[in-house]
Structure formats: C-alpha cells, structure tokens
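Hi everyone, thanks for coming. Have the sequence and the model open beside you, and let's walk through the fold together.

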Amino acid sequence: MTIDNDVVDALAAELLGPHIKSAPPAAWGHTVREYLTGTPQLTHWQTPLLTLDRAALDANRALMADWSSAGGVALAPHGKTTMAPQLWREQLRAGAWGITLATAWQAQLARSFGVGRILLANALVDPIGLAWVAEESARDENFEFYCWADSVATVELMDKILRDTAPGPRVRVLVELGGAHGRTGARTRAEALAVAHALVGSERLVLAGVGGYEGALAHDRTPAALTAVRDYLRELAALHRELGELYSGPAIVSAGGSAYPELVVEELAGLASDQLPTAPGSTTVVLRSGAYLVHDDGFYAGISPLSAPAADPGLRSAMHGWARVVSRPEPELALLDGGKRDFPFDEGLPTPQLVVGGSALPSGAHVSALNDQHTFLRLPGATVADLSVGSVVRLGLSHPCTAFDKWRLIPVIDSAETAHPRVVDLIRTYF
C-alpha cells in the first residue's frame, strides 16, 4: 500500500529549535538531517525525555508482519497510536494492508502524506469530514476509504450529508457490532442487520463489511475475559456470514487485536476462505493492532500473548522515559523532573528500571504518583546518598497510545541497553 515517500522524506528538512521539547540548544537552527549527521548522543538531550529504541522497533515490526501473514490476516495498524508518518511508512513497507485512524482530521493528515488506504474505525458524521472523503475519493479513484456505522440513524445522516453537500462515489461503510457494556457498535445482530439493510438502500453509501473492537469488552486474561472476547468475535463472524447475500463486492471483516490478537485470528481468519454469494473468496480479515510496534513495559506487556519472554522472541518495549533527580527531600523519596506532561499514566505509572551510569536501584523502588512535572520515586530503605541529585533514571512506560501525544519530535536511539546510546533518527508526530 502506498505512502508518498517524498513528503515523508521532507520531514528531515524541519528546523530544530526551542519549540522541540528537551532538544539540546546546540541543535537549534539545524535541520533534522543536519543534526543526525553529527552522530549525536542521548546524553546531549535534556530531561525529561521520551525515546524510541530502533532495535526494538525493527524487531516488533518484523515479528507482527510475519505473525499476521502466517495467521492469514491483513494488518492495518492503528495510526492514532503514534501519529507518526515515518513509522506508518515503515509499517506499510513491511506489508501492512493500510492504516487505521479514528477521526476525520487524522485521516486527512494521513492522506496529506499519501496514504492510499485508510480504515476509519469510527462512524463519520461530521459534515466537513464526510464531504472531504467524497471529494478526495472523486479526485483520486485509487484512494480507498472505509468507515463504520452502528445505527440506522447514522446511515441516514451520512447519506443525507453526502447528498446535500458532496457529489462523488459511494463511501464504503462497515457495520459496527458492539457488545453489552462495551463502547460503540450495534448491541445485537438484529440491530446490525438493520444497519446493513439501510446501507444497501442508501444512495451514497455501500455496505463493505463488518467491524468492531473486542478490547472494549475485557481488560485482562481471566477465563471470563477471554470467553467474553471469543463470544463477541464469534458473533462478528456470524454477522458477516448473515450479510453474505447483501454484499455487492469484496468484504472486510475487521477487529482490534493488540490485547487479544490470537483470539481474533482463531475466530476470524477462516472467514477469508468463505465463499460469498456475490464475491466468492473475497473476504479480507483486517487486524487493527495499534500498540505492537512500540509495545510497552506495562499494560500490553502483561496482556499480549506475543510479549517477551512468554513468546520467543516476542514483542518488547521500544519506548523509555528518562528523568533526572531534582530533589531528595526525604531519605526514601526522590523527585524526578518528568511528570504527566511527559509520560503516560492512564494504564499504569512508570516503573524505574535503572540509574544511568550509577548504582542499582534499591529493592522495592517504585513510582507512587505523578504531578504535572514531577515523578515521586519511592526508595524503601534508602538514604539520601543512595541516589544523588542530578542522577538520571530510565523508566519503563505503559500504554504507547498516551505517550506519543506528549512529544512533537521523539529521538530514536540505537538501543536503550547500550552504555552510551546514540540518536539515530528523530520521529515527527502530529497531535
């Protein structure tokens, strides 16, 4: 699938300056390209800092590409996790079917970088955004765009907006199936079937498949959670088969897949060989995993069946936080200079991993809280001398989806495991 390499490559011409959080003043006034030619070091950057690990990014990307291909599913990574076209390009080059996004603006941003196939995992009822889809599809017949609808009212509103504002080809829509106490999505197959019939009767929309998000129905790997996810995926498969005669062409079946990818493959991959009445053998099962590329040391490390060391080689975290001790007001407390403005905290607090170039952290060291610009690092049994002011602590982080949005430009280091990491790239984000 396509992306405009020239537009992505042009990001290297961006000028660095004080608007780039934690960038070294010595880099200000230089382009990204110029800066990277100087073999920069991680130690040149200020704290707090978020970094990406090139070795882990490459390994995670290759692992997921191979795993999804072997499982018989296509991969449309959720681009909202990183909002980083440079990383999208790497995923597309590795064989990704397309890029998933969540809002019309995100889709417009992706399209400005030439992404040729976009799956919007959401209903699109914003008139401006919907009109843009129609206009862009009319401008470029090779552009593929898909979105969702979970009610007849949604279909009727989308159809009216398009009829009133924007001529162009029909917009492809997936019927979204949800679940009790979940997020969006029709709550029953009967309701979803009504949505499908409304799409078939629409002037400006076309029924293109079914989709949903199993991650909204569970948050762990207890037997009850796994059963809930599996039951939901079976309902999604049953809905697709029930809609078989309504499809007018190839169909998409799409689920999430960062937390329960093996269940998605087990329950849905077989649909790719189904013989649809209107388009035999043309079902594509699309996995929308968003977290696999970066992974983490928290929520996804604990729930994904593809995490190392449970899986070998397994996904491993490609992001770390770096923060400096700015205060030791009590023997068992250190205050670091990073906080909620810098690191994710919604799916678990950062975890201290090591002191850069220093002694080991005391047993039981943990983060108890974050303020806007401070991390409370608890050090049971320590003395003030055990971790001096000015020391830098590497932090494991949880939930990449709320990490990238705090950084405009993220340094990529060769490896967080080396004694002297080198900065080998800078990743531009758009939030």
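A quick word on the ground rules. This is a predicted model, in which local features need pLDDT of at least 70 and side-chain atom pairs count only at pLDDT 80 or more, while totals for chains, interfaces and linings use all residues. Residues are numbered from 1 along each chain as its sequence is written, and side-chain values use heavy atoms, with hydrogens and water left out.

So, the sheet. Helices (H or I, at least four residues) and strands (E, at least two) are DSSP runs, numbered from the N terminus. Eight strands make an open, parallel sheet in the order β2-β9-β8-β7-β6-β5-β4-β3. Its edge strands are β2 and β3 (99-101), each pairing on one side only. Two strands count as paired if DSSP finds at least two bridges between them.

Let's zoom in on β5, residues 144-149. Which strands does β5 pair with? On one hand there is β4 (residues 117-123), parallel to β5 and joined to it by 4 bridges; on the other there is β6 (residues 171-176), also parallel, over 4 bridges. If you click on Y146, you'll find L119 opposite Y146, and R172 of β6 opposite Y146 as well. W148, in turn, stands opposite L174 in β6.

How does the chain get from strand to strand? β4, helix α6 (residues 127-139) and β5 form a right-handed β-α-β unit. From β5 the chain then crosses through helix α7 (residues 152-165) to β6, and this crossover is right-handed too. Right-handed here means that, with the strands pointing away from the viewer, the path from the first strand over the helix to the second runs clockwise.

A nonpolar core is a set of buried Ala, Val, Leu, Ile, Met, Phe, Trp, Tyr and Cys residues joined through side-chain atoms within 4.5 Å. The largest has 129 residues, and F145 is one of those that touch the most other members, along with W88 and L268, among others. Helix α9 (residues 223-242) gives the most to this core, with 7 residues. A second, separate core of 11 residues includes A76, L119, A121 and V286. Contact means heavy atoms within 4.5 Å, and beyond four places in sequence F145 touches A107, I118, L120, L124, V133, V171 and R172.

Next, helix α3 (residues 54-71). Its 18 residues should span 26 Å at 1.5 Å a residue, and its end C-alpha atoms are 26 Å apart, which agrees; the expected span is 1.5 Å times one less than the number of residues. Its buried residues, including L57 and M64, pack against several elements, among them β1 (49-53) and α4 (85-93).

Now a lysine: K406 sits in the loop between β15 (392-396) and β16. K406 counts as buried because its relative accessible area is 19%. Its contacts include K21, D342 and F343.

Last, the cysteines. The structure holds 0 disulfides, a disulfide being a pair of cysteine sulfur atoms within 2.5 Å. C147 is buried at 0% relative accessible area, and C401 is buried at 18%.

Conventions:
Buried means under 20% relative accessible area, exposed over 50%, partly exposed in between (1.4 Å probe, protein chains only).
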